[in-house]
Amino acid sequence: MAIGEAGPGSARSGSQPKRLEEVMRGRLGRECVYVPSCRFGLFVALRHWCPPGGRVLMSPVNDDVIFFVVLAAGLRPVQAPLNPLDASIDTDAVPEEVWGSLSAVLTTNLYGNPDPAPQLRSRCDALGIPLFEDGAHAIGSEVGGRPVGAWGDASVFSLSKHVGAQTGGILALADPGRSAAVREACAELLAPRRTASELTYAVRPYAEAAVRGLGLRRAAWAAMGRLGLTEREGIRMPLRPDALADAVRSAPDLAAHDPWVRVDMHDYRLTPGPVRLRRVRRGLGRLDDVLAASRAGTELLLSTRWARPRPGGAAQPLFRVPLLVADRDAAIEALARRGIVVGYLYDPPLDDYAGAEFTDPSPAPEGARWFARHALPVDPLRAREAVEVLERSGARPAEPPGARAEPETAEGAEGAEAPEGSAAPEGPAQRGAVRPGDTVRGLGPPRD
C-alpha cells in the first residue's frame with residue numbers, strides 16, 4: 001500500500017506528499033520521500049543500506065527510540081566518544097580498530113548542533129560504508145557550507161519539531177536512482193490508515209490548548225500516571241532486557257521491536273490521512289518564520305554565561321539550546337514554576353542505559369556522561385523568559401570537564417520550597433515540552 005492510497009479521497013491526499021517532498025527537495029537539493037515519522041524513515045534507510053549484523057557508530061546521547069530502531073534493523077549499535085560541550089561525535093577519539101569494524105555511521109545533530117559531517121563523510125568514503133544523518137532537530141542547520149542532511153547517503157527529518165505538525169517525516173536520498181526501491185520498502189511497512197487515529201489527531205491540539213489554558217497540565221499528567229497511561233517513569237523508557245533479547249534474536253524485525261519503537265508515537269508507521277498532510281503543509285509554509293525566531297532566541301541564549309564557548313559565524317536556528325548548568329534539577333524546577341517545561345533530555349547515555357549486551361560501549365564515555373548530566377535544553381522561542389528565570393534562581397554554570405566543581409547548594413533557588421521530586425526524570429512536567437504546537441502523545445515528550 002503506497003502512501004495516500006487508503007480510503008476515500010485518496011487521489012487528492014495522494015498528491016499532498018508529493019508537494020511536501022518538493023518543498024524539502026528545494027531545501028536540500030536531494031530526492032525526498034515523505035514518511036509518517038523520522039524513526040520509520042531511519043528504519044527503512046538502515047535496512048536498505050546495511051546487511052544484518054552490521055555495526056553502526058552512533059551517539060550515546062540520543063533518543064532511546066533511535067537506539068531501538070537500530071536494533072530492529074538487525075544492527076549492532078556502537079557508541080561513539082563525544083565532544084562534552086555540544087555532544088557531537090569526536091571523530092579523532094574513535095579508535096582505528098572501531099572504524100575498521102563499522103558498516104555505517106549515524107549522526108544525531110543533537111538539538112540542531114551539527115555533527116562533523118564533512119569529516120565523517122570522508123571517513124565513510126575511505127571505508128566504503130554509508131553515512132546516515134538524523135536531522136530531526138536540525139532542519140535549519142548547516143555544516144561545511146551545506147544543509148544538515150546534504151552529506152549522507154540518506155538523511156531523515158522530523159516534521160514534528162520546527163515544523164510543529166506532530167506527525168510526518170522526510171527521508172532524503174543522495175542517489176535518486178534508489179527512490180523507487182525505497183518507496184517500495186516504505187509501502188510494504190506502512191500500516192493502514194485508521195479513521196479513529198485521524199480524528200484523534202485532528203482534535204488533539206484543541207484539547208491540549210484547553211488543558212494549558214486551564215492550567216491543568218500537571219494534574220493531567222498525574223492522572224495519566226495513576227491510570228497507567230504513560231510509558232515512561234523517567235527520561236529513558238524501561239529497557240525490559242529479557243524481552244528485548246528475544247526481539248533482537250529475531251531481528252531484522254520491526255514488529256518484534258514495536259513495543260520499544262512506538263513509545264511516544266504509536267502512529268509512527270501509519271499511512272497519513274488528509275488532516276495530517278494538510279497540517280504538515282501549513283507548518284512547512286511557516287517554517288522560515290519559525291527558523292528566524294529560533295535563530296534569534298539561540299543568539300540570546302548563546303550570549304549567556306551558561307552557554308558553551310561560542311564558535312565563530314552565525315548562530316544556527318537550534319531546536320533546543322543546551323545550556324550547561326551545575327544543578328540541572330534545580331534549574332528545571334525553577335523553569336517549571338514559570339510554565340517553561342524542559343524536555344528532550346537523554347540521560348544516562350545509551351551505553352550506561354542498555355549495557356554491553358545490546359551495544360558496544362564508548363571507548364571514552366566521560367564526555368557523554370558529563371554532557372548528559374549538565375545539559376539543560378532550552379526552547380529558543382522562550383529564550384527571554386528562560387534567561388530571566390535562570391538569573392533569578394541563581395543557576396550556576398557547570399564547571400568545564402576536568403575542573404573541580406564546587407559542592408552543590410540550594411542557595412539562590414527560586415522560591416523557598418524544595419523541588420517536588422527534585423530530579424528531572426520523576427515528573428512528567430519535566431519531560432515534555434508544552435507550548436503551542438507541542439503535543440503530549442499520552443506517552444511522554446514529543447520525540448519525532
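Student: Leaving aside neighbours within four places in sequence, which residues is Ser88 in contact with?

Tutor: In this predicted model, Ser88 touches Pro81, Leu82, Asn83, Pro114, Asp115 and Pro116, once its neighbours within four places in sequence are left aside. The place of Ser88 itself is in the loop between β3 (76-79) and α4 (96-99).

Student: Why is Ser88 called buried?

Tutor: Ser88 has a relative accessible area of 9%, and the word buried is used for values under 20%, so Ser88 is called buried.

Student: What makes α12 roughly parallel to α16?

Tutor: Helix α12 (residues 287-302) and helix α16 (residues 383-393) pack at an angle of about 20°, and their axes lie 9 Å apart. Because angles under 35 degrees count as roughly parallel, α12 is described as roughly parallel to α16. The crossing of these two helices, α12 and α16, is right-handed.

Student: Which residues of α12 and α16 meet?

Tutor: From α12 come Gly297, Leu300 and Leu301, which meet Ala383, Arg384 and Val387 of α16. By kind, the residues in this contact of α12 with α16 divide into four nonpolar, one polar and one charged.

Student: What is the mean pLDDT of the protein?

Tutor: The mean pLDDT is 85, and 78% of the residues reach 70 or more. Over residues 1-12, however, the pLDDT is below 50, and this stretch has 22 contacts in the model beyond near neighbours in sequence. Residues 405-447 also have a pLDDT under 50, and for them the model has 128 contacts beyond four places in sequence.

Key:
Residues are numbered from 1 along each chain as its sequence is written. This is a predicted model: local features need pLDDT of at least 70, side-chain atom pairs count only at pLDDT 80 or more; totals for chains, interfaces and linings use all residues. Side-chain values use heavy atoms; hydrogens and water are left out. Helices (H or I, at least four residues) and strands (E, at least two) are DSSP runs, numbered from the N terminus. Buried means under 20% relative accessible area, exposed over 50%, partly exposed in between (1.4 Å probe, protein chains only). Contact means heavy atoms within 4.5 Å. pLDDT is the predictor's confidence in each residue, from 0 to 100. Axes are lines fitted to C-alpha atoms, for helices over the stretch in contact, and angles run from 0 to 180 degrees between N-to-C directions. Angles under 35 degrees count as roughly parallel, over 145 as roughly antiparallel, 65 to 115 as roughly perpendicular and the rest as oblique. A crossing is left-handed if the near helix is turned anticlockwise from the far one by less than a right angle, and right-handed if clockwise. Ala, Val, Leu, Ile, Met, Phe, Trp, Tyr, Cys and Pro count as nonpolar, Asp, Glu, Lys and Arg as charged, and the others, Gly among them, as polar.
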